[in-house]
Amino acid sequence: RDLKKHHQLISILSVTKRTLANVVKPSLTRTSFILLGASGDLANHEIYPSLWYLYRDNRLPNNTKIFGYARRKRTINDLRKSVEPYVTVNPREKKLYDEFWSLNAYISGSGTEDADYETIRKAIDEFEDGAEGNRLFYLAIPPTVFMNATSQIKRVAMAKTGWTRIVVEKPFGHDSESANKLNQHLRKLFTEDQIYRNDHFLNYEMVQNIFSLRFANRLLAPAWNKENIAAVAIDLKENVNIEGHGASFDKTNFIRDVMQNHLLQMMSLIAMERPKSKNPDDVRDAKVQFLKSVRKIVIDDVVLGQYVANPDSKDPRARVGYRDESSVPDDSITASFALTVLRVDSKRWRNVPFILRAGKAMNLNQTQIIIQFKDVEAGMFDNQPKRNELILTVKGIEGLQAKMTSKVPGYSSELEEINLDFKYAEEHKGFRIPLAFEKSIFYVFQGAQSKFVRFEEIKEAWRIFTPVLREIEGKKIRPLAYKFGSTGPIEAEEMEKRNNFLRD
């Protein structure tokens with residue numbers, strides 16, 4: 001079949017469906033999407049582009065209006081200009097894009113929080129005009145103001161007749177104590193089905209595919225255990241620096257920023273036992289049960305790094321090291337790279353190391369999950385086969401790669417490594433894979449709780465990471481230097497080797 005024509009037809013049908021829905025069977029319910037932090041980077045880079053694509057593809061509820069709120073004085077025109085570098089609009093869609101922005105409103109802060117939320121509430125009431133109304137509040141704001149914002153929502157802005165849903169962005173707390181405090185606060189205000197703790201990595205295509213790969217393929221099941229797997233590495237690389245956000249980044253480190261949430265969530269999907277069903281609660285129960293078997297991290301299983309300038313690089317960004325940034329203290333010991341080894345006490349995974357590794361200013365912009373299998377028995381072949389690997393590329397060129405061993409063609413019995421390679425872009429030409437945030441927003445509208453994180457998962461994550469974070473900060477452990485554009489500190493590779501993970 002011609003996939004390109006197929007998706008063009010779907011696009012035409014979506015527009016037709018939109019027209020018929022409004023003309024033939026208009027919906028009385030009105031839905032408000034309220035974006036708190038509408039002038040920030042997350043809003044510009046991810047949320048507004050996602051809303052546009054959902055609107056274009058007819059995936060927003062009928063009669064939706066988007067309210068942006070931030071303290072900064074801006075107009076809709078200002079907002080549109082900030083977002084445009086991050087969206088794709090072809091010439092045929094210009095009218096539809098203008099129509100999308102006509103659904104948007106922007107509310108500037110007055111400096112008085114009570115008054116601001118009264119203004120938000122009045123704007124939503126005016127839009128609903130007495131009709132049934134659903135309200136989705138997206139908190140794209142610093143975690144330090146989560147509690148104030150949610151208290152204000154509860155005070156004046158809850159839906160009168162429809163549903164209210166609250167999306168809380170990571171990081172969910174700073175450690176075990178703060179996460180528990182935030183959770184208790186939210187549960188006093190809202191029911192669990194109203195709270196959506198977003199980890200957008202759960203909505204990357206390949207992460208969502210982990211469930212299918214594991215449980216829909218008989219081929220993998222017998223090998224998915226300590227008898228066959230040597231080590232698992234989850235590797236997040238960013239080839240950018242802190243991009244002018246030194247002041248905020250320096251208050252945390254990469255363990256808090258991506259490991260205890262994004263990377264640990266991927267690890268739990270890779271390693272959890274088969275759930276009873278695809279029911280959201282069964283899947284999340286399986287993840288929690290696995291996380292409970294993961295030991296707390298010890299400092300001997302951690303490598304920290306901080307990037308420095310690389311004068312040999314052609315990349316102009318490489319001329320500036322982490323501590324050279326104007327917004328970073330000269331004596332900063334914040335890690336821009338971290339490797340941790342996690343150990344699991346379970347029948348399936350005992351003695352299999354799970355290596356989480358993440359860094360900024362690296363050689364690639366890519367996230368991969370690498371399952372490395374044990375060596376085959378030596379002596380049967382003229383040369384020792386390389387280890388088999390199954391590689392899931394989550395971010396970058398999304399796809400799946402299997403590294404296997406085959407005989408060299410001809411008279412030789414020598415072995416060579418072969419790659420079985422699947423790439424979404426090649427197999428599904430003409431199909432645009434939705435953004436992770438796009439899916440997150442869509443699932444909130446649908447009320448699909450399974451695509452979000454339950455607090456029990458967050459609680460276990462902080463149990464695993466809080467002790468070592470306190471030790472790092474209490475002892476003021478200085479990170480090792482690595483050059484911008486490299487693969488990180490050499491000590492990280494040495495740690496991997498000691499834990500039976502071998503890189504090419």
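1. Six strands make up an open sheet with parallel pairing, in the order β3-β2-β1-β4-β5-β6, where strands and helices are DSSP runs numbered from the N terminus (strands E, at least two residues; helices H or I, at least four) and two strands pair if DSSP finds at least two bridges between them. The edges are held by β3 (104-108) and β6 (195-198), each with a single partner strand, so one side of each is left without a neighbour in the sheet. On average, neighbouring strands of this sheet are turned by 20° against each other, direction ignored.

2. This is a predicted model, in which local features need pLDDT of at least 70 and side-chain atom pairs count only at pLDDT 80 or more, while totals for chains, interfaces and linings use all residues. Residues are numbered from 1 along each chain as its sequence is written, and side-chain values use heavy atoms, with hydrogens and water left out.

3. Helix α5 (residues 113-128) lies across β1 (30-36), β2 (64-70), β3 and β4 (133-139), and runs at about 155° to β1; axes here are lines fitted to C-alpha atoms, for helices over the stretch in contact, with angles from 0 to 180 degrees between N-to-C directions.

4. Helix α13 (residues 436-446) is mostly covered, nine of its eleven residues being buried, where buried means under 20% relative accessible area, exposed over 50% and partly exposed in between (1.4 Å probe, protein chains only). Among the buried residues are Phe437, Ile441, Val444 and Phe445, and also the charged-type side chains Glu438 and Lys439. The buried residues of α13 pack against β1, α2, β4, β5, β6 and α8 (205-215), with contact meaning heavy atoms within 4.5 Å. Just after α13, glycine 447 takes a positive phi of about 75°.

5. Helix α2 (residues 41-56) packs against helix α3 (residues 76-83) at an angle of about 100°, with the axes 9 Å apart. The two helices, α2 and α3, are therefore roughly perpendicular to each other, given that angles under 35 degrees count as roughly parallel, over 145 as roughly antiparallel, 65 to 115 as roughly perpendicular and the rest as oblique. Asn44, Tyr48 and Pro49 of α2 meet Leu79, Ser82 and Val83 of α3, and these residues divide into four nonpolar, two polar and no charged (nonpolar: Ala, Val, Leu, Ile, Met, Phe, Trp, Tyr, Cys and Pro; charged: Asp, Glu, Lys and Arg; polar: the others, Gly among them).

6. The axes of helix α11 (residues 280-292) and helix α14 (residues 455-474) come within 9 Å and cross at roughly 15°, and α11 and α14 are therefore roughly parallel to each other. The contact involves Arg284, Lys287, Val288, Leu291 and Lys292 of α11 together with Glu456, Glu457, Glu460, Arg463 and Ile464 of α14. By class, the residues of this contact are three nonpolar, no polar and seven charged.

7. Strand β8 (residues 302-308) has six of its seven residues buried, so β8 is largely enclosed by the rest of the structure. With strand β9 (residues 337-342), β8 pairs in the antiparallel sense over four bridges, and leucine 304 has alanine 338 of β9 as its bridge partner. With strand β15 (residues 480-483), β8 pairs in the parallel sense over four bridges, and valine 308 stands opposite lysine 483 of β15.
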